[in-house]
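Here is a short briefing on one protein chain. Keep the sequence and the 3D view open while reading.

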Amino acid sequence: RTTIEALLASADAMREAGYPQAAESATEGAGAGCGAPRLLFALDCEMVEVEGGASALARVSVVSESEQVLLDELVTPELPITDYRTRFSGLSAQSFAGGAAALSQQEARSAVMRLLGEDGSCVLIGHSLENDLKALGLSHSRCVDTALLFAHPLGGGRKRKLRDLSSELLGQRIQAGG
């Protein structure tokens, strides 16, 4: 049986993949503390394109190992949105319409930090987590990243798409529009 510890990305693999390092990130995880009942968290962030062509955080979701949704919030980008990337993000102008409550970038970062705790013992699980951590301005050293675990057969820094991994390994079709 494989343990979570065996699946953790090494510091070298994370550095190679472009993960934010503690000195580069706005903040390291800090908060109330992870605690045994919430050792594993799945993290996913959705990005949109903003004025100037950059990617910006637009939604943050965190799920516990017991599949409890702990955080699922829209995030208001600092610049105007030019492309919702709906086929990947599931977001559209309607997502933000009608006064839908959305967190600021700082509020989103703080909410995730509260869940992760101060001691850094929690494990984050996700796909290409470096992008999510960069968007949040965080670093985290204990990550299980499916983009690193399931290497692209052609190598060369390529990553397998989550859509393809889900179909191949789980028989589940996701991101059907993309």
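Leaving out residues up to four places away in sequence, Val60 touches Leu43, Asp44, Cys45, Leu71, Asp72, Glu73, Val75, Ala108, Val112 and Leu136. The model is predicted. The protein chain has seven helices and eight strands.

**Nonpolar cores**

- The largest nonpolar core holds 27 residues. Those with the most contacts inside this core are Leu43, Leu57, Val60, Val112, Leu124 and Leu136.
- At least two residues of this core come from each of β2, β3, α4 and α5.
- Helix α4 gives the most to this core, with six residues.
- Another core lies apart from it and has seven residues, among them Ala56, Leu74, Leu91 and Phe96.
- In soluble globular proteins, nonpolar side chains tend to be buried together.

**Helix α5**

- Helix α5 spans residues 129-136 and is mostly covered. Six of its eight residues are buried.
- The buried residues of α5 are Leu129, Glu130, Asp132, Leu133, Ala135 and Leu136.
- The cover over these buried residues includes the strands β2 (40-50), β3 (55-64), β6 (123-126), β7 (138-139) and β8 (143-145), along with helix α4 (105-116).

**Salt bridges**

- The count comes to four salt bridges. Three are described here.
- Asp12 and Arg15 meet through their side chains at 2.6 Å, N to O. Both lie in helix α2 (residues 11-16), three residues apart, about one turn of the helix. Arg15 is partly exposed, with a relative accessible area of 46%.
- Glu49 and Arg85 form a salt bridge at 3.8 Å, N to O. This pair links distant parts of the chain, 36 residues apart: Glu49 is in strand β2, and Arg85 is in the loop between β5 (81-83) and α3 (86-89). Glu49 is partly exposed at 25% relative accessibility, and Arg85 is partly exposed at 23%.
- Asp72 and Arg59 form a salt bridge at 2.8 Å, N to O. Asp72 lies in strand β4 (residues 69-74) and Arg59 in strand β3, so the pair ties together parts that are 13 residues apart in sequence. Asp72 is partly exposed at 35% relative accessibility, and Arg59 is partly exposed at 26%.

**Whole chain**

- Of the 178 residues in the protein chain, 38% are buried.
- Among contacts with a separation of 6 or more, 62% join residues 24 or more positions apart.
- The protein chain exposes about 9900 Å², and carbon and sulfur atoms supply 50% of it.

Note on methods
Residues are numbered from 1 along each chain as its sequence is written. This is a predicted model: local features need pLDDT of at least 70, side-chain atom pairs count only at pLDDT 80 or more; totals for chains, interfaces and linings use all residues. Side-chain values use heavy atoms; hydrogens and water are left out. Helices (H or I, at least four residues) and strands (E, at least two) are DSSP runs, numbered from the N terminus. Buried means under 20% relative accessible area, exposed over 50%, partly exposed in between (1.4 Å probe, protein chains only). Contact means heavy atoms within 4.5 Å. Accessible areas come from the Shrake-Rupley method with a 1.4 Å probe; for residues, only the protein chains shown count as cover. A nonpolar core is a set of buried Ala, Val, Leu, Ile, Met, Phe, Trp, Tyr and Cys residues joined through side-chain atoms within 4.5 Å.
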